[in-house]
Amino acid sequence: MKSSPASRSRDIERQAGYLRLEHCAPPPPRTHSADDMWFIRDGCGIVCGVITWLLVFYAEYVVVFVMLLPSKNVVYSLINGALFNGLAFLALASHFKAMCTDPGAVPKGNATKEFIESLQLKPGQVVYKCPKCCSIKPDRAHHCSVCKRCIKKMDHHCPWVNNCVGESNQKYFVLFTMYIALISLHALIMVAVNFIFCFEEDWAKCSSFSPPTTVILLILLCFESLLFLIFTAVMFGTQIHSICNDETGIEQLKKEERRWAKRSKWMNMRVVFGHPFSLAWLSPFAPPDHGKANLYQYVV
């Protein structure tokens, strides 16, 4: 296996005896189960996550109490209310799952002599060690300075979900960007319809709020929706492109040498969202079922 300049910059040792194990303390005993919730205690990320929920709740308030409830068209209000609230619920559920799902963290401090010997390395076989968390780093894993862990197939660290986007939670992050883009587009359409209706009718009759308050609330919602629509739509497209090409954002940024087998774009989508294709792809409550998919196929 040939090493690239990018891979040589990592902490590479070719034999277990040269991993400098004396600098790595044994990992602490596990006091929690695998079912415990994952949560990063980062001040900036927590604030961004709270802001995200508050902005969605603001959009809910304006849509329901300013535009739909005062409307005289009951069918219009019911259909749009059910659609918007359903998409908003899925968006927040996807955000929660992306934030509280282990993105694929490598066990911390496992670069011990006992663990290295248990790997039964072949002569000349390359292993990787992270000098920051003293872990044996799997291929395509990178260290996150915020999570303070090595993350498998790490794409990037997103403060808006207060978590890394990696192997195990990328599906939820993609769904979050998709549903936020959809509710933003839906809100913009309803704001446009409401403005047209209010211009044709008396402003005092189209809302239970005063005309100045109604205009301010609608303009703020329009600005928020347009901003989030652009941001999340671009992020959604970027994520789908990365998934189809089977190359994470960090790998693209560092221009790392491709050492894994090339698969079809459809197979790459199934690796992230699950096998086989079903409506569960759109559900943040359905963990991706990889089946017999091989997540790592390397060219040697």
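**Aromatic pairing and helix features in the predicted model**

F209 is partly exposed, with a relative accessible area of 24% (buried denotes under 20%, exposed over 50%, and partly exposed in between, using a 1.4 Å probe and protein chains only). The structure is a predicted model, in which local features need pLDDT of at least 70 and side-chain atom pairs count only at pLDDT 80 or more, whereas totals for chains, interfaces and linings use all residues. Residues are numbered from 1 along each chain as its sequence is written, and side-chain values use heavy atoms, with hydrogens and water left out.

Eight aromatic pairs are present in the structure (rings of Phe, Tyr and Trp, the last by its six-membered ring, with centres within 6.5 Å; planes under 30 degrees apart are stacked, over 60 edge-to-face, and the rest tilted). The ring centres of Y61 and F209 lie 6.4 Å apart with planes at 70 degrees, so this pair is edge-to-face. Because Y61 belongs to helix 2 (residues 43–68) and F209 to the loop between helix 5 (170–200) and helix 6 (211–245), the pair ties together parts 148 residues apart in sequence (helices, H or I, of at least four residues, and strands, E, of at least two, are DSSP runs numbered from the N terminus). Y61 is partly exposed, at 37% relative accessibility.

For W266 and F277, the ring centres are 5.9 Å apart and the planes at 50 degrees, so the pair is tilted. W266 lies in helix 8 and F277 in the segment after helix 8, 11 residues apart. W266, F273, F277 and W281 form one aromatic cluster. Within helix 8 (residues 265–273), the buried residues include F273.
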